[in-house]
Amino acid sequence: MYHLTHTQGRGPEFATVFDWRLAVSYTIRDLIVTPWMAGHRTSRDNKLKRVYYLSMEFLIGRILGDAIINLGLDHQMDEALESLGLNRTQILEDEPDAALGNGGLGRLAACFMESLSSLGVPAFGYGIRYEHGLFRQRFAAGQQVETPEDWLNQPHPWEFVRVDYSYTIGFKGEVETVDGHSVWLPGESVVARAYDTPVIGWQANWANTLRLWGAQPTNLFDLHRFNAGDYAAAAEPEALARTLSRVLYPDDTTDQGKELRLKQEYFLTSAALQDIIRRFVAEHGEDLAHLPDKVAIQLNDTHPAIAGPELIRLLMDEHDLPFAQSLDLARRTLNYTNHTLLPEALERWSIWLMGHVLPRHLQIIRMIDEDHRKSTGRPANVSIIDHDEVRMGELAFIMAGKVNGVSALHTDLVRSTVFADLHKLHPDRIVNLTNGVTPRRWLRMSNPPLARLLDKTIGTGWTGDLDLLKGLAPYADDGGFLDELRAAKRQNKVALSNGLLADLGINADPEAIFDVQVKRMHEYKRQLLNILETIALWHRIHESPNGDWTPRLKIFGGKAAPGYWTAKTIIHLINDVAKTINDDPVTSQFLKIAYPPNYNVSMAEKLIPAADLSEQISTAGKEASGTGNMKFTMNGALTIGTLDGANVEIRELVGPDNFFLFGLTAAEAETEKAKPGHARAAIEKSDDMKIALQLIAEGRFGRPEHYYALLDRTWNDDPFLVASDFDSYYRCQRSVDSAYADHGHWDRMSALNIASSGFFSSDRTIRGYMETIWHV
Ligand code: CJB
């Protein structure tokens, strides 16, 4: 009530849901501030080493519900809201998602921030305060339409603006030599201003800061031009600066090759490093030789890889250290996580662009390259500069103390493929840290029915120590427990069905298998395989409509990068197929498709707890890890998947009998792909796949000309081996049907999946980083 009156300036009789949500958020924020400040004091007074996580993406989602859970106030909050006549769901759902990320990489950063706080590790996350997060997706005639996202179009109650922490970031200009020193005279500059969001850990013992940088002009506007009446031109400096933090690049894996993107990356990195050095000097004095003892910096993918040359520049040009020492200090401070092997995702910038935007950094990159080549005996293929391009992956590797992959398989492939030559030179540098997700958001908060059952069965300790889920294993043979597990799942399925009916008009039977594939739309993730299997199944049901079919609801969710034509065509196809199948009275009791638009973190929180089957069907060797796969497992869904990314570890832990495996291995996929005509040969052998493609070509699902290019690609190219894996996938899906028909058996498998999922807590991952990389 205090914040409603004094912060929102509204009396309860006039207050809207929005006013109440803000009042509740400020009340909760007040409770976070105390541990937050205590944590800062403890870190400073004890001169603790800090972790700094640099990421172009933090896919946070909503904050309020998560904060309430971590403060342990969910019951009290319910009572308080009820006494005010308010509805908790309505309040929570009024909050817009902070969608400052595209997919797994950004969501991982958000989970890591939460785990760092839960474990009480002094840490800062550094990112960009994008005015517009990931675009909103809607469908028009089945096709994706993007509109801007505008989460900051209303007050954001969680942040504190820090006008006193502002840093100048330069671009372009010249490098001059003055008294034997290189001096960079930037031609442009902007100011990075800090906006802090506290991230509260489990049980509110500790809170860290997510510091996001917003761009400001160095001069607010040109008064001279303003006075001359040229108002638009007068505002130009502001508009230009703001562009830097205006939009999140809506691309998951491809290098935009844009000057703005490079500038954004440098903007984040330089602001963060200036802030880190300022704090170090304030706490430990001017002797930067001790930097690696107090600072561990993690680069989330190559996006902030300019950190290597920037840290050297700051140490050398601004703090007068020699190059060799600066290089050594930087390398002992920086670490790099690789998140993908897809060649198009490993950033490269033309030498021209690098020299144009960051001329001093290009000089330093050449010095790093030369030093590395000299010290390693000038081997071939490991240079940072190659074919007139700066290779950011190589730069990140060479400048890192440790380089890590994100699942066991991925790390092996990092060693044997993209960085094979560098790995030979530095055999101890690459380590594995399999990803994880926070069980607070992804289990306790998003799945109350299951959380209650777990509390009742094994106690509440699992939330902070997910390994305790092992205690559930004995209950896998307890009929009473399995009935309750089924009831909890059913409750989530009913809630989802109600939502789908209200939002999409789809009438889903909660008894059906809820089969969910939610993730970014990408060919390697193979949503195409899933929809082709759906078509083939539909055709089979038509052939024997009186057969003993297990009812299924196929749920898809995901956005395609706006410029990714094939992914957008697959979205169109799914929607076209959904329309035909959902309207078919012959099959509708057995098969339906739902594709709710605008998949985001909040939607994931509803879909995952309601899923029976988790689709993790990427071409083996292509998905670095996956983290959705882990969330589904924790929530009791069974996985149908390939031996890819963390699926491999999920299957090992839950046991092969409790996992639906299909498809080629990574090695087999490589061999298969090398065979000329592999797709055509596989399709010719598969009646089901052939009929599915034929039905599309015949126009059974909308105008076939929309799909000719996709069909042609599938028959003649098929780079992600949909055809080669089709029959294996189709057969595996039928084994899912029969397993699901046996409730007791299915529920037992589900219980064993949950019991084995403790390893996938991001607390375990963060502990791994602490031990093997950060030494905190
Ligand atoms: N990933 O989300 C992204 N974006 C990229 O640009 C590159 C990789 C994903 O990162 C996740 C977190 O490590 C992985 O689980 C996922 O496999 C990978 O595609």
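This is a predicted model: local features need pLDDT of at least 70, side-chain atom pairs count only at pLDDT 80 or more; totals for chains, interfaces and linings use all residues.
1. The domain assignment of the protein gives domain 1 as 47-62 + 97-435 + 767-774, and domain 2 as 504-740. Their C-alpha centres lie 35 Å apart, and the contact takes 34 residues from domain 1 and 29 residues from domain 2. On the side of domain 1 that touches domain 2, the elements that give two or more residues are strand E2 (58-61), helix H6 (104-118), strand E5 (136-140), strand E6 (143-147) and helix H17 (408-416). The residues of that side of domain 1 divide into 10 nonpolar, 16 polar and eight charged.

2. The next point concerns Lys 631, which an unreviewed UniProt entry lists for "modified residue: N6-(pyridoxal phosphate)lysine". In the model, Lys 631 is found in helix H25, which covers residues 628-634. Is Lys 631 buried or exposed? Lys 631 counts as buried because 30 other C-beta atoms lie within 10 Å, where the cut-off for a buried residue is 20 or more. When its neighbours within four places in sequence are left aside, Lys 631 is in contact with Val 437, Trp 442 and Ile 608.

3. The largest nonpolar core has 225 residues, and among these Tyr 52 and Leu 532 touch the most other members. Helix H22 gives the most to this core, with nine residues, and the core draws at least three residues from each of domain 1 and domain 2. Which residues does Tyr 52 contact, leaving aside its neighbours within four places in sequence? The contacts of Tyr 52 are Phe 124, Tyr 126, Ala 272, Ile 276, Val 295, Ile 297 and Gln 298.

4. His 542 is exposed because 12 other C-beta atoms lie within 10 Å, and the cut-off for an exposed residue is 12 or fewer. Apart from its neighbours within four places in sequence, His 542 is in contact with Val 586 and Thr 587. Between His 542 and Arg 332 there are 64 Å in space, C-alpha to C-alpha, and the two are 210 residues apart in sequence.

5. The last point is Pro 304, whose place is in the loop between strand E12 (295-300) and helix H12 (307-318). Pro 304 is buried, because 29 other C-beta atoms lie within 10 Å. Not counting residues up to four places away in sequence, Pro 304 touches Leu 54, Met 56, Glu 265, Leu 268, Thr 269 and Leu 299. The C-alpha atoms of Pro 304 and Leu 240 are separated by 22 Å, while the two residues are 64 residues apart along the chain.

How values were computed. Residues are numbered from 1 along each chain as its sequence is written. UniProt positions are given in the numbering used here, feature names are shortened, and annotations may be inferred rather than shown by experiment. Helices (H or I, at least four residues) and strands (E, at least two) are DSSP runs, numbered from the N terminus. Two residues are in contact if their C-beta atoms, placed from the backbone, lie within 7 Å. Domain bounds come from an automatic or database domain assignment. Ala, Val, Leu, Ile, Met, Phe, Trp, Tyr, Cys and Pro count as nonpolar, Asp, Glu, Lys and Arg as charged, and the others, Gly among them, as polar. A nonpolar core is a set of buried Ala, Val, Leu, Ile, Met, Phe, Trp, Tyr and Cys residues joined through C-beta atoms within 7 Å.
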